[in-house]
Amino acid sequence: MTRQVSATERVLAELTGVRVTAWCCRRAELVGVLRFAGQLHPMGGRVVVLVTVGSLAAAVRVQRGLYEVYGCRADVLGPDSRPFQVDTGAPPRGTTAAVGHGSGGHRVLITTGGGELARRTGLTDCAGRGLRGVPPQLVAGRVCDVAALWRGAFLTQGGLSGPGRKAELTVTCPTAEAALALVGAARRLGVPVRSKELRGQPQAFVRDLDAINTLLSAMGVREMLTRWYQPPARAGVATVEAFGESNLASRPGRRRADRPCCPKGHGTTSCPAAGHHGIASSA
Ligand SMILES: [Zn+2]
């Protein structure tokens, strides 16, 4: 029987393929990845960084980013903790490279230069003390980097349920401060995200469909927004609408090409934000 691909998996699959050329955005995405899924382990006078991600593609993206942006070499480990031969693309025997999300995913291990990486990304101060939130200069910085921060956080800890009335986008956060930082970052994108605690775990979440649409779009999701969401047919509406169109349908005269993609309400072809939130258009 064919397993149905979840909404979260679809988003993750698309996000791992988003091509980002701006260095500021690549840095911001990596900070999001490290802050929301990275663990610092003091070991024999140095710091080892371990990042758990949901898929092989995400792990390779993080590994490549760490090397190209920070010159930091990292190993990708499969679910069984064996080193993954990324160059050959062949998974170790007995493991799968299927897209997943959670503790069974792949891991990125930084054994050399982890302490310096943590300092350069603002996750620790010069005394090595860890940050509880997110580097404030990032949350208050460029809009393109705020979107990239969200992409990094979602790549490692994000979830999407729905569509329909139960639609919810969540990011599980390491601390309440990190959740509040995501709330503040989303506000910069014009999205009303809130924070909560679920079974003792802080989360940032949003349930409004239009807001989810805006947030996913800012992160770089394109395909899924036009193909995936099919809201239940309403009385008097015979056609299936694309994700987000249900709200737009009540705004006469608004063409699909004018759908807001950024907080200023620019269309997908006219947004002047740096590289459309730093994302290459050919992605
Ligand atoms: Zn940027």
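1. Let me begin with a pairing of strands: β2 (residues 46-53) and β4 (residues 106-110) run antiparallel and are joined by five bridges. Leu 50 has Leu 109 of β4 as its bridge partner. Strands here are DSSP runs of E, at least two residues long, and helices are runs of H or I of at least four, all numbered from the N terminus. Two strands pair if DSSP finds at least two bridges between them.

2. A word on the basis of all this: the model is predicted, so local features need pLDDT of at least 70 and side-chain atom pairs count only at pLDDT 80 or more, while totals for chains, interfaces and linings use all residues. Residues are numbered from 1 along each chain as its sequence is written.

3. β2 and β4 belong to an open sheet of four strands, in the order β1-β2-β4-β3, with antiparallel pairing. Its edge strands, each pairing on one side only, are β1 (38-43) and β3 (75-77). On average, neighbouring strands of this sheet are turned by 25° against each other, direction ignored.

4. Helix α3 (residues 56-70) lies across β2, β3 and β4, and runs at about 20° to β4. For such angles, axes are lines fitted to C-alpha atoms, for helices over the stretch in contact, and the angles run from 0 to 180 degrees between N-to-C directions. Two residues are in contact if their C-beta atoms, placed from the backbone, lie within 7 Å.

5. α3 also packs with helix α2 (residues 23-37), at an angle of about 125° and with the axes 10 Å apart. α2 is therefore oblique to α3 (angles under 35 degrees count as roughly parallel, over 145 as roughly antiparallel, 65 to 115 as roughly perpendicular and the rest as oblique). From α2, the contact draws on Trp 23, Arg 26, Arg 27, Glu 29, Leu 30 and Val 33, and from α3 on Val 62, Gly 65, Leu 66 and Val 69. These divide into six nonpolar, one polar and three charged residues (Ala, Val, Leu, Ile, Met, Phe, Trp, Tyr, Cys and Pro count as nonpolar, Asp, Glu, Lys and Arg as charged, and the others, Gly among them, as polar).

6. There is another open sheet of four strands, ordered β5-β6-β8-β7 and with antiparallel pairing. Here β5 (158-161) and β7 (194-198) are the edge strands, each pairing on one side only. The twist from one strand to the next averages 30°. Four bridges join β5 to β6 (residues 168-172), the two running antiparallel, and Leu 160 stands opposite Leu 169 in β6.

7. How do α6 (residues 143-157) and α8 (residues 209-219) cross? Their axes come within 8 Å and cross at roughly 95°, and the two helices are therefore roughly perpendicular to each other. Ala 147, Trp 150, Arg 151 and Phe 154 of α6 make the contact with Leu 215, Ala 218 and Met 219 of α8. By class, that contact has six nonpolar residues, no polar and one charged.

8. Please also look at Ser 6, in the segment before α1 (7-15). Its C-alpha atom is separated by 8.1 Å from that of Ser 161, 155 residues apart along the chain.

9. Finally, the overall counts: the protein has 11 helices and eight strands, and 41% of its 283 residues are buried.

Technical notes
A residue is buried if 20 or more other C-beta atoms lie within 10 Å of its own, exposed if 12 or fewer, and partly exposed in between; C-beta atoms are placed from the backbone.
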